[in-house]
Amino acid sequence: MLLALMLCYGGFTALCLSMDRHHTDLLGQKPSARRRHGMKIAGWILLALSLWAAVSKTGWSLGLVEWSAVLMLSALVLVLLMPYRPRLALSLAGLSLLASPVAALAQQ
């Protein structure tokens, strides 16, 4: 479940960075159309990988329930961090994406 949580948080952060306002707040410049499109694709791919991580561990019946809980938790953390600690939200996303291969090896 840790792998799914890290991938969900990274995916939601990528989707957040695909919006002009949040990209400007976090990185100080407006994104190009190519970067915005790349962030959207990366965000959706990470969310799909998190579904795969949740379902492959416990099966479809319990995996979908765990995945929906992980989706809500990661979105809640991101929404609570963005107004008050936007740099921490970005740092956590980078850390979660860097640590996700370790979590993938630990899951097997």
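The model is predicted, so local features need pLDDT of at least 70 and side-chain atom pairs count only at pLDDT 80 or more, while totals for chains, interfaces and linings use all residues. Residues are numbered from 1 along each chain as its sequence is written, and side-chain values use heavy atoms, with hydrogens and water left out.

Begin with the whole chain in cartoon view. The C-alpha trace spans about 40 × 30 × 25 Å along its principal axes.

Next, select residues 2-17 (helix α1) and residues 33-84 (helix α3). Their axes, lines fitted to C-alpha atoms over the stretch in contact, come within 5 Å and cross at roughly 40°. This contact has 28 nonpolar, six polar and one charged residues.

Then select Leu5, Met6, Tyr9, Leu73, Ser74, Val77, Leu92, Leu95 and Ser96, which line the largest pocket. A pocket is an open set of points on a 1 Å grid where a 1.4 Å probe fits, with protein on both sides within 12 Å along at least five of seven lines; lining residues have an atom within 4 Å of a point. The volume is about 160 Å³. Helices α1, α3 and α4 (86-107) each give two or more residues to the lining, which divides into seven nonpolar, two polar and no charged.

Key. Axes fitted to C-alpha atoms, helices over the stretch in contact; angles between N-to-C directions. Helix = DSSP H or I, 4+ residues; strand = E, 2+ residues; numbered from the N terminus. Nonpolar A, V, L, I, M, F, W, Y, C, P; charged D, E, K, R; others polar. Points joined across faces, edges and corners; volume = space filled by probe spheres on them.
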